[in-house]
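Here's a quick tour of a few helices and what surrounds them. Have a look at the model first, then read on.

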There are 2 protein chains.
Amino acid sequence: MPRYKLIIEYDGGPFCGWQRQANGLSVQEAVETAVTRYCQVEAVVHAAGRTDSGVHALGQVAHVDLPRSDPPDKVRDALNAHLRPHPVTVVRAEAVDEDFHARFSARERSYLYRILNRRSPPALDAGRVWWVGAALDAEAMHDAAQALVGHHDFTTFRAKECQSQSPVKTLDEIRVTRVGEEIHLFCRARSFLHHQVRNMTGTLRLVGEGRWSRADVACALAARDRAAGGPTAPPQGLYFLRVDYPTAATTEEHDPCTG
Amino acid sequence: MPRYKLIIEYDGGPFCGWQRQANGLSVQEAVETAVTRYCQVEAVVHAAGRTDSGVHALGQVAHVDLPRSDPPDKVRDALNAHLRPHPVTVVRAEAVDEDFHARFSARERSYLYRILNRRSPPALDAGRVWWVGAALDAEAMHDAAQALVGHHDFTTFRAKECQSQSPVKTLDEIRVTRVGEEIHLFCRARSFLHHQVRNMTGTLRLVGEGRWSRADVACALAARDRAAGGPTAPPQGLYFLRVDYPTAATTEEHDPCTG
């Protein structure tokens, strides 16, 4: 059966997350239902990352095996037609070798966290950002974030429910910048622990408010204790941005700030 | 009674437009209700522009007279507290002289129209953009749009229901640019006719598709006949961006692309 790689964008708000659940509609179920309507077969769609309820994606990557070899653009358009009216869209489809696996072949994952940092709550971006009314120092946040870069035991930033075999991960990059009224936190790693980006963001917010120093962040990391970290930032500010693979078949970055 | 100028952002989706209507919730009613809850008085909130149902605002300007002289930041925060859970937010409040009138003092209004121009429908920006799947030539659209700049009879781009005394207006600027997957249409004038921006946008889309030339746009304008223009673009791509006043008290531009 021919295998297709799908780049998927979604609004996580109405879903219980990527993964199929008994008690709610998941993005996976929406996409699998679209595949079934299109090809009249039951299919499993495997994704690079199992985003939580409320977390958005601009460049989730998935793969699926179809019973026929349609041109990739036809696959994209057909799935999009069957995905309506869900806020899920296949941005691109590509034919790939059968050894491509969206999750296990992934070499690097990138996330964006958007904080709206102004006195007034969001109107147009409600459900799309974390609103923090107190002024945050983005430079201090960026500086403190550098204490997290590298190969570490990230237990301090790991959710209890995390199923990863090891809490040791390598954070390749973390960048905090102010973009108008927003603060953007960009993270890049081979893989992340459950809630890692949200827990790092909630901790760096304390730095942005001047309550924590870079040394406090380094101490929290060294403690290897979730209780030593800051609170978990809410899901609606988080975007699964892109996934890179060892071959040339990398996904384009979809930056919400340049459209 | 002290007068306050309010810069207001809203998601037009759930509303029947700015202006109070018998058959639906308007943004005006939402703001006036917040004023009443805050100050225990009936108040009329006057806006610079009466946006249609579904049209958004990043910088609508309104004024209201309050029965007491609270600091502007307190007015902003109190109105925002009472505006919940509506997707309407007061971005800034300012104390102004009693001769300031949001509508009649306005010297210039700016609108942004966002077209999502890619094969895949919007997911995260559903209700925020006009999705046009066919590739559009933004440069050709920009060039043709220049035929509309200046002092003209804009009957071709005027809704039947328009209440303006005259169809003659001066369009100061129109700029069409590609921003990633989007095409942005920026317009600036002292005032606009009802549906003028949406009708110009629907016409310029024909140019972007290669079906119309710049000369066709000029002919349509010269016809002074709505039937000679292109179709009306839908409301959800339109943003009331900013209003400028003769004094130094201009509003900041809130560009969604830079946050």
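**What covers helix H4 of chain B**

The buried residues of H4(B) are covered by elements of chain B that include strand E5 (108-116), helix H3 (138-145), strand E8 (168-179), strand E9 (182-189), helix H5 (214-223) and strand E10 (238-244). This is a predicted model, where local features need pLDDT of at least 70, side-chain atom pairs count only at pLDDT 80 or more, and totals for chains, interfaces and linings use all residues. Residues are numbered from 1 along each chain as its sequence is written, while chains are lettered from A and ligands numbered from 1 in the order in which they are written.

**More on H4 of chain B**
- Helix H4(B) is mostly covered, with 12 of its 13 residues buried (20 or more other C-beta atoms, placed from the backbone, within 10 Å of a residue's own).
- Among those buried are B:Gln196, B:Met200, B:Leu204 and B:Gly208.
- From first C-alpha to last, H4(B) reaches 18 Å, close to the 18 Å expected at 1.5 Å a residue (1.5 Å times one less than its number of residues).
- Just past H4(B), B:Gly210 has a positive phi of about 85°.

**A helix pair in chain A**
- Helices H3 (residues 138-145) and H4 (residues 196-208) of chain A (DSSP runs of H or I, at least four residues) pack at an angle of about 130°, with their axes (lines fitted to C-alpha atoms over the stretch in contact) 8 Å apart.

Conventions
Axes fitted to C-alpha atoms, helices over the stretch in contact; angles between N-to-C directions. Helix = DSSP H or I, 4+ residues; strand = E, 2+ residues; numbered from the N terminus. Contact = placed C-beta atoms within 7 Å.
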